[in-house]
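Colleague: Before I set anything up with this model, could we go through the site around the ligand and a few residues elsewhere, with the cut-offs stated as we go?

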Amino acid sequence: MALSAINAFAYLLITSAKVVHMKSAIKYSAEVSAAMAANAPIVALESTIISHGLPRPSNLAVAIECERIIRDRGAVPATIALLDGIVHVGLEINELEAIAQRDDISKASIRDLAIVVAQAKSAATTVAATAHIAALAGIKVFATGGLGGVHRGANESFDESADLTALSQLDITVICAGVKSILDVHATLERLETLAIGLVGYKTNRFPGFYLTDSGFELEHRVDSPAEIAAIIKARSAIGTQFKALVVANPVAKEMEKNRHDQFLATGLAKAAHDGIDGKAVTPYLLEHFHTASKGESLAINTEIIKSNCALAADIAVALQ
Ligand code: PSU
Ligand code: MN
């Protein structure tokens, strides 16, 4: 009797300690904490692009450069990742290095978050998971490279990125260069429409295709300044549609030569099918194929894209203040 009472008490202590631990599961960097206290503009950044989207060692250099671009434009970068069970919003340099260099960094989408936290593991966050944590932290603007979407052959494989469903329920604005042609771009656009995710082209009426400025599909809405985007973000709250993300599609300045692009795509898709790649491995596999097959050209374009999206995101965050 006495023993089980002690056990019950110990259990309560453990559970309440766990509850406290969960509540403090988010750790803000000093810079992000200060920005939040001062109500200064903040831009969220994902980390899967660092761990699984870009090859080493340039992944770390790109991550550092992106943060610098955001600071130079008057906003504060908040790179999001999970390290040893702690959700980080804003990374110190040694933490950014860990994400870029460690071999035990998994790729976490929203469904993985609680598991990684409870098991005290480390993971980079996808667009879906990053948007979820950013929204939880009250960050409104998020820069990435390309969104996940509907994969080719999804009518049989059911492979559609959780990025889409995540963005259909979060108050966040994502700046990207559209989606890569490794996906079924048309199906992705249809799903964005069904999920009521807002979509505007930045200085373009064509939906960008990541390496290409034009994926072949038209956009209904075009914006030409960060101020215009800030006005849309404010109108979303007024009209009650803020809990569906706004996607700002920002085309790359100098695109890849179309024939080369189509060739890399065809060989990559054939290789992935041959190697039987599925699940969360598909996207990193195809990105890696582009980087090796193009002998670095896709990496250079990828770098330009993410830098340009960071600059625009910072300008939007500043315009929102
Ligand atoms: N598309 C890119 N580069 C990337 C990704 C997608 O052009 O780095 C990453 C992002 O983190 C995105 C994730 O959220 O891949 C999508 O993976 P999946 O298709 O498994 O949902
Ligand atoms: Mn998938």
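Predicted model: local features only at pLDDT ≥ 70, side-chain atom pairs only at ≥ 80, totals over all residues.

Modeller: Residues are numbered from 1 along each chain as its sequence is written, chains are lettered from A and ligands numbered from 1 in the order in which they are written, and side-chain values use heavy atoms, with hydrogens and water left out.

Colleague: Which residues come nearest to ligand 1?

Modeller: A residue is near a molecule if one of its heavy atoms lies within 4 Å of it. There are 16 residues around ligand 1, and those that come nearest are Glu46, Lys107, Ser161, Asp163 and Lys180.

Colleague: How much of the area that ligand 1 exposes when taken alone does the protein bury?

Modeller: Among the polar contacts (pairs of N or O atoms within 3.5 Å), an oxygen atom of ligand 1 is 2.7 Å from a polar backbone atom of Val127, and an oxygen atom of the ligand is 2.7 Å from an N or O atom in the side chain of Asp163. An oxygen atom of ligand 1 is also 2.7 Å from a side-chain N or O atom of Thr283. Taken alone, ligand 1 exposes 470 Å² (Shrake-Rupley method, 1.4 Å probe), and the share of this that the protein buries is 93%.

Colleague: Which element gives the largest share of the shell around ligand 1?

Modeller: Ligand 1 sits in the largest pocket, where a pocket is an open set of points on a 1 Å grid over the protein atoms alone, with a 1.4 Å probe and with protein on both sides within 12 Å along at least five of seven lines, and sitting in it means that more than half of the molecule's atoms lie within 2 Å of its grid points. Two or more residues of the shell come from each of helix H3 and helix H13 (282-293), helices being DSSP runs of H or I with at least four residues and strands runs of E with at least two, numbered from the N terminus. The largest share, 3 residues, comes from H3.

Colleague: Is Thr144 buried or exposed?

Modeller: Thr144 is found in the loop between strand S7 (141-143) and helix H8 (154-157). Leaving aside residues up to four places away in sequence, Thr144 touches Glu46, Val127, Val174, Ile175, Cys176, Ile306 and Asn309, a contact being heavy atoms within 4.5 Å. Because buried means under 20% relative accessible area, exposed over 50% and partly exposed in between (1.4 Å probe, protein chains only), Thr144, with a relative accessible area of 1%, is buried.

Colleague: How far apart in space are Ala131 and Asp171, C-alpha to C-alpha?

Modeller: Ala131 is in helix H7 (127-136) and is buried, with a relative accessible area of 0%. Outside the four places on either side in sequence, Ala131 touches Phe142, Leu167, Leu170 and Ile172. Ala131 and Asp171 are 40 residues apart in sequence, and their C-alpha separation is 8.5 Å.

Colleague: Is Phe158, with its positive phi, buried or exposed?

Modeller: Most residues other than glycine have a negative phi. Phe158 has a phi near 60° and lies in the loop between H8 and helix H9 (162-167). With a relative accessible area of 72%, Phe158 is exposed.

How values were computed:
Polar contact = N/O pair within 3.5 Å; in protein donor to acceptor, adjacent residues only side chain to side chain. 1 Å grid on protein atoms, 1.4 Å probe; cavity = no way out; pocket = protein on both sides within 12 Å on 5 of 7 lines; lining within 4 Å.
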